[in-house]
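Thanks for making the time, everyone.

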Amino acid sequence: MNNKTTNDPEKSALIELIYQLGDDDFILAYRGSEWLGLAPHIEEDVAFSSISQDMMGHATMYYHLLEALGEGEADELAHLRNPEAFRNAILLEKVNGSGTYLDKPDYDWAFAVVRNYFYAVHKQVRLESLRLSSYGPLADAARKIITEQYYHLMHWELWFKQLVTSTEEAKKRMFSAVETVWKDFGGVLTLGPSYSEMVKAGFIEDENLMKKRWLNRIEKMFQETGVPLQGEPLIESGNGRKREHTQDLADALATLSEVYATNPASGW
Amino acid sequence: MEAVLQSMNLKEKILLALKEVKDPEISSVSILDLGMVEEVQEIEGSVIIKALPTFAGCPALHIIERDIKKAVSKVEDVKEVKVDFVFSPTWTTDRITEEGKSQLKEFGIAPPPANHVMGEPWSIDCPYCGSSYVTMENIFGPTACRSILYCKSCKNPFEAMKPVADMN
């Protein structure tokens, strides 16, 4: 294992990759935290908030790796960056539904289950590749995260399976959420413009290979549970890896950074 | 006790001090017995403690860091203390000592099974009555490292530490 980041295009590809990993977990953890108190039952409230807390911890690990690479302090990377500096996939920043958690939240549980299940499968595939990364600190982080991610994947797989094989109403809502999530899941699967440098340097495997692994797992689940196959996942709302984002991200960042930004110098 | 302390070298004294640093969320167990201390380096009074976080998002990490510094600074001849959280090796529940396991039970938390293989069934005994006639209510619990269960024998709710094994 080595920690080489000798030439510049290689180093910037590494930094780009870690931003993607950190920002994906960060924003989806935030969306998860918005469900607190609104999940279908109290046990799910406990589970979902615990998962969101773990994921926020994973984002923190990635931001600390960026700090070590000279990108600035981890807390500031989380709280003080502009939306245009985020590399998360657009699907993960989308609101949970209409309203806010303070004002008439009408959140879509089917969307939450599908988005989190698809993401957890991809996160598993991605971590299995990252634990062999040529960048030692990233491989170490992946080995740590994978032990926690195991429980998350199990949780979302159970929800997905139960709801798509439940009542007609549940099936209808779940199939519709699958269609919605599919239209943007391609944005999660891509590694963005510097993908070939990432792969050449051995930081992560080919995105097409990982996409194939993701599709195999998802399609196996679809066949088992009678969900119609969807074809190629799309990137309809834009490519977050190219720093394209929606108003949803700007709104989320404004809310989550509100306290920190009032006085970044204080300790929390 | 004085005589024992005098016969100890500095590293042993530091380890003794670490025995007093408890997990703030499970106040009966020391971080040493939880297997969170990977290495203690000491060079002429400068101490570096390499510690392994249990769960990455654990909010107690900052408190643990503060408590380690406080406890170790009190040891005679220690000039400075630094705490490094490292992720290699990965913390696993196999690192918890036998003493740690019995302290977990005192706190009402069933200790994790030894030599657990991720994905395999996990047998849990009630920490109060020892019965294995229990049900899992929620694999996730009040802290990242715990699950919620119910004992059908003594009719008590209890918690269990989630098994974490190296998956590599």
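I will begin with chain B as a whole, go on to its sheets and helices, and finish with a pair of helices in chain A.

Please keep in mind throughout that this is a predicted model, and that every value I quote is computed from it.

Along the principal axes, the C-alpha atoms of chain B occupy a box of roughly 55 × 35 × 25 Å. The chain has 168 residues, of which 38% count as buried. If we take the contacts in chain B with a separation of 6 or more, 53% of them come from residues 24 or more positions apart.

Let me turn to one of the sheets, which is open and built from three strands of chain B in the order E3-E4-E5, with mixed pairing. Which strands stand at the edges of this sheet? They are E3, residues 37-43, and E5, residues 80-85, and because each has a single partner strand, one side of each is left without a neighbour in the sheet. Ignoring direction, neighbouring strands here are turned against each other by 15° on average. E3(B) runs antiparallel to E4(B), residues 46-51, and six bridges join the two; across from Glu39(B) we find Lys50(B) in E4(B).

Two helices pack on these strands. H2(B) touches E3 and E4 of chain B, and its direction makes about 140° with that of E3(B), while H3(B) lies across E4 and E5 of chain B and runs at about 150° to E5(B).

For H2(B), residues 10-18, and H3(B), residues 61-73, the angle is about 135° and the axes are 9 Å apart. Since only angles over 145 degrees would count as roughly antiparallel, H2(B) and H3(B) are therefore described as oblique to each other. Their crossing is right-handed, and the contact is made by Ile14(B), Ala17(B) and Leu18(B) on the side of H2(B), and by Ile68(B), Ala71(B) and Val72(B) on the side of H3(B). By class, the residues of this contact divide into six nonpolar, no polar and no charged.

Further along chain B there is an open sheet of four strands, in the order E6-E9-E8-E7, and here too the pairing is mixed. Its edges are E6, residues 109-110, and E7, residues 134-138, each with a single partner strand, so that one side of each has no neighbour in the sheet. Within this sheet, E8(B), residues 146-151, and E9(B), residues 157-161, pair in the antiparallel sense over five bridges, and Leu149(B) stands opposite Phe158(B) in E9(B).

The axes of H5(A), residues 109-130, and H6(A), residues 136-164, come within 8 Å and cross at roughly 150°, and the crossing is left-handed. The contact of H5(A) with H6(A) comprises 18 nonpolar, four polar and two charged residues.

Terms used: Residues numbered from 1 in each chain as written. Chains lettered and ligands numbered in written order. Predicted model: local features only at pLDDT ≥ 70, side-chain atom pairs only at ≥ 80, totals over all residues. Axes fitted to C-alpha atoms, helices over the stretch in contact; angles between N-to-C directions. Left-handed = near helix turned anticlockwise from the far one by under 90°. Nonpolar A, V, L, I, M, F, W, Y, C, P; charged D, E, K, R; others polar. Pairing = 2+ DSSP bridges. Parallel < 35°, antiparallel > 145°, perpendicular 65-115°, else oblique. Contact = placed C-beta atoms within 7 Å. Buried ≥ 20, exposed ≤ 12 C-beta atoms within 10 Å, placed from the backbone.
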